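Please look through the sequence and the model shown here before reading on. The paragraphs after it go from the whole chain to single residues.

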Amino acid sequence: MAQQQETVLTFRGLTRRFGGVIALNKFDMELTNGQIVGLIGPNGSGKTTSFNVLTGIYEANGGSIEFLGQDITSWPAQKVYEAGVARTFQRSRLCLELSIFDNIMIGNHKRLNHGLLFNIFQRKALREQIRENHEEARKLLKIFDPALADKMFDPVGSLRMIDRRRIEICRALISHPRLLLLDEPSAGMTHEETRELMDDILEVREMIDGLSIILVEHEMGMIERVTDKCIVLNFGQKICEGAYRDVASDKLVQEAYLGGE
């Protein structure tokens, strides 16, 4: 008998309205341990909105969100992050003048001691904290590109786009999340860089046990290669769910992307 997978995330009837516009309309979704789910659909279909509701940026107008057995529907963003949900954004949120290390540490807020007395009087413990986090950041960077680990104190603004995306993903991973949300990670990259990023995402799942990923992406080659299943949204409603091959051949999905006759 196959072992039942742990359910990591469940949406039940998730709804979000902006005035008279329904951005999410009774959206149901389930994600299991270690799974990569592709969330796709035309522009404005509700993909990023679902991320924003999940992470506490927007409030849900209806339905519920359950994460690792807890109802987190009304939790603020900081509490959702502390529970083990991390994300990247469509547009780069890096501080370009800061170093790679500094940018990654921004994502490690919950695991760092920020106390004034600690930072002033416990200098030995502070140095050890910095050393441990430096080593952990290096290990993450080596998953993506060993050369990045040797540029730890270079400014992020000097890096090419794919390396900036890698830094953003490392910044999310440094907090040890159980769920990683990637919002259009290939945006602004070449086909070759996109292919490299596919390899990176698969390597991350292989290296980090128990990590589940939701991927919003318009590059269908990436969705096909890295996801276990796909969910298609259109005008805030789920219109299809399944393996990429089945979803791609679905008439409702084709109409959503190409329009009806």
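Predicted model: local features only at pLDDT ≥ 70, side-chain atom pairs only at ≥ 80, totals over all residues.

The protein chain is divided into two parts: domain 1 is made up of residues 1–84 together with 177–261, while domain 2 takes in residues 97–176. Taken over C-alpha atoms, the centres of domain 1 and domain 2 are separated by 27 Å.

How do the two domains meet? On one side of the boundary 22 residues of domain 1 are in contact with 17 residues of domain 2. The size of an interface is often given as the accessible area lost when the parts come together. Between domain 1 and domain 2 that buried area is about 1,600 Å², and carbon and sulfur atoms give 65% of it. Within the share that domain 1 buries against domain 2, Y81, P177 and D200 supply 33%, which is more than any other three residues.

On the side of domain 1 that touches domain 2, the elements giving two or more residues are α2 (77–83), β7 (179–183) and α8 (191–207). Helix α8 gives the most to this side, with seven residues. Sorted by class, the side of domain 1 that touches domain 2 has 12 nonpolar, three polar and seven charged residues. A salt bridge that can be looked up in the model is the one that R160 forms with E196, where the closest N and O atoms are 3.8 Å apart.

Another arginine to find is R165, which lies in helix α7, covering residues 161–173. Is the residue R165 buried or exposed? R165 is buried because its relative accessible area is 5%, and the cut-off for buried is under 20%. Leaving aside residues up to four places away in sequence, R165 touches F89, Q90, S92, E184, P185, A187 and M189. R165 and L94 are 71 residues apart in sequence, yet their C-alpha atoms are 9.1 Å apart in space.

The last stop is helix α1, residues 47–54, which is mostly covered, with seven of its eight residues buried. The buried residues in α1 are K47, T49, S50, F51, N52, V53 and L54. Just after α1 comes G56, which takes a positive phi of about 85 degrees.

Technical notes. Residues numbered from 1 in each chain as written. Heavy atoms only, no water. Domains from an automatic or database assignment. Contact = heavy atoms within 4.5 Å. Buried area = accessible area lost by both parts, 1.4 Å probe. Salt bridge = Lys/Arg side-chain N within 4 Å of Asp/Glu carboxyl O. Helix = DSSP H or I, 4+ residues; strand = E, 2+ residues; numbered from the N terminus. Nonpolar A, V, L, I, M, F, W, Y, C, P; charged D, E, K, R; others polar. Buried < 20%, exposed > 50% of the residue type's maximum accessible area, 1.4 Å probe, protein only.
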